[in-house]
Amino acid sequence: MTKHHVETTVNGNEVEFLCATEQTLLDVLRDELYLTGSKEGCSSGDCGACSVMLDGRLVCACLVLGVEAQGRKVETIEGMASGDTLHPLQQTFLEHAALQCGICTPGILVAAKALLERNADPSETEVRFWLAGNLCRCTGYDKIVRAVLDTAAQMRGATSKSGKAAKKAVTEGA
Amino acid sequence: MLAGKPECIATQYTSSNTHREGKTLEMDYQTPTSAEDAAGLLSKDGAHVLAGGTDLLVKLRAGMVAPKLVVDLKDVPRLRGIENDSQGWRVGAATPCAEIGEHAAFAAAWPGVVESLELIGSTQIQGRATLGGNLCNASPAADTVPALIAAGAVCEVVGVKGQREVPVEQIVTAPGQNSLARGEFVLGFRLPNPPARAGDAYLRFIPRTEMDIAVVGAGVALALDAKGVCTHARVGLGAVAPTPLLVGDGAKALIGTKVDGGALKALAAAASAACNPIDDKRGTVAYRIKVAGVLARRAAGIAYERATSRK
């Protein structure tokens, strides 16, 4: 079978792969690039376990053809931590025990990061609606929602603290 | 289809997919960069259009379709983006719903249309799903279609013979069937600039809060004169007939009134009378008929509030 040669960017790295038309972006990430953090749950866009960013937009990788990634920018759970330093969402999910079996967790983390990048101070309702496409069969969602809200508060605190520190430095400098 | 073992999936997708008649076939993929090329490719035997992919990929995986060629329209000029001028609004048919919802000026002009597209699936689905796909997939329960019908949206339909304009309500002909000829596709949607004192709204009933398919959907657009009398109205209904409906009698119930209690009651009766629904797991015939009237009335109330508050 003729395969497509695709060049794309995944988590900032230029990658290339061969794929058949019917291989989804999720198939390619997992089976060709061995990035198995994105999970396959339903393969029909209902569960969100395969959530990734495609050109800055949150999508289900199971509903994107691999060949559609040509020339685009893909971000997955594997790119979320900086080296050994976890993203604040990852750290807070651990602290809140906002995961049990863990299958939904990569998708929820990617989706929650996308939310906080758009809205630094979401309400509980906004978090619940934003994550409505990410199914979790273990936690009952409450710990997940609390972890996202707590992370948002921490990140706002860190931003305002660094803002204050910068302001203080300027004042002292003057 | 539920998740299989990864090795099974790899095997399945590295071999040729199997046609229902038992023939094996290869599925090609093309990204035309002009409307003419796209129409030419879509004219080929076994060609299937790809826009956001939220319906096509599910059907592929379920074995419901086995195209020989997937024609990805997203590189065709003017299929993406939102434009406005004195003639009205134009939304590219392959613009992701999330992008439309984020367009503040469009959301201010057509809040009901934006309500409808923000009810499709999840955040993830809205990142890919398109108006053109939601319409041409031809589900009776498609959320954006009643809202676009109410808004008076017109489709730019392109094919090998050129372009024609088709009102949205003339596209869907039966569940899963549309009126496009082979090789044709929807390039964009044209919506008018709403006049002063105009408003639209869309309401959907589902048994839960998110992530479900409409039991009933109702879209209403209306305009008032300086005295608050309704001069223009359009009513669209979804999930209550084999196709989304334009309810002419619903508009008649509103035009010439001040959208008072009596007019809203007449609208509800007209909406219920227009229904020809089925019984299914989401709702019974009787329930859908009743709820269609209720939602049409409530949507008209919201549209009226928007019309009176808009300068």
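When I say domain, the bounds come from an automatic or database domain assignment. This is a predicted model, so local features need pLDDT of at least 70 and side-chain atom pairs count only at pLDDT 80 or more, while totals for chains, interfaces and linings use all residues. Residues are numbered from 1 along each chain as its sequence is written, with chains lettered from A and ligands numbered from 1 in the order in which they are written.

Chain A first. It's assigned domain 1 (4–79) and domain 2 (88–169), and their C-alpha centres sit 23 Å apart. Domain 1 of chain A puts 13 residues into the contact and domain 2 of chain A puts in 11; contact means C-beta atoms, placed from the backbone, within 7 Å.

Now chain B, which is assigned domain 1 (6–75), domain 2 (82–191) and domain 3 (198–309). There, 14 residues of domain 1 contact 19 residues of domain 2. On the domain 1 side, helix α2 (residues 35–42) of chain B gives the most, 5 residues. Helices here are DSSP runs of H or I, at least four residues, and strands are E runs of at least two, numbered from the N terminus.

And between the chains? We've got 32 residues from chain B and 32 residues from chain A. On the chain B side, α1 (6–14), β3 (28–30), α3 (56–62), β5 (69–72) and α7 (123–126) each supply at least two residues, and α1(B) has the largest share, with 5 residues.

Methods. Two residues are in contact if their C-beta atoms, placed from the backbone, lie within 7 Å.
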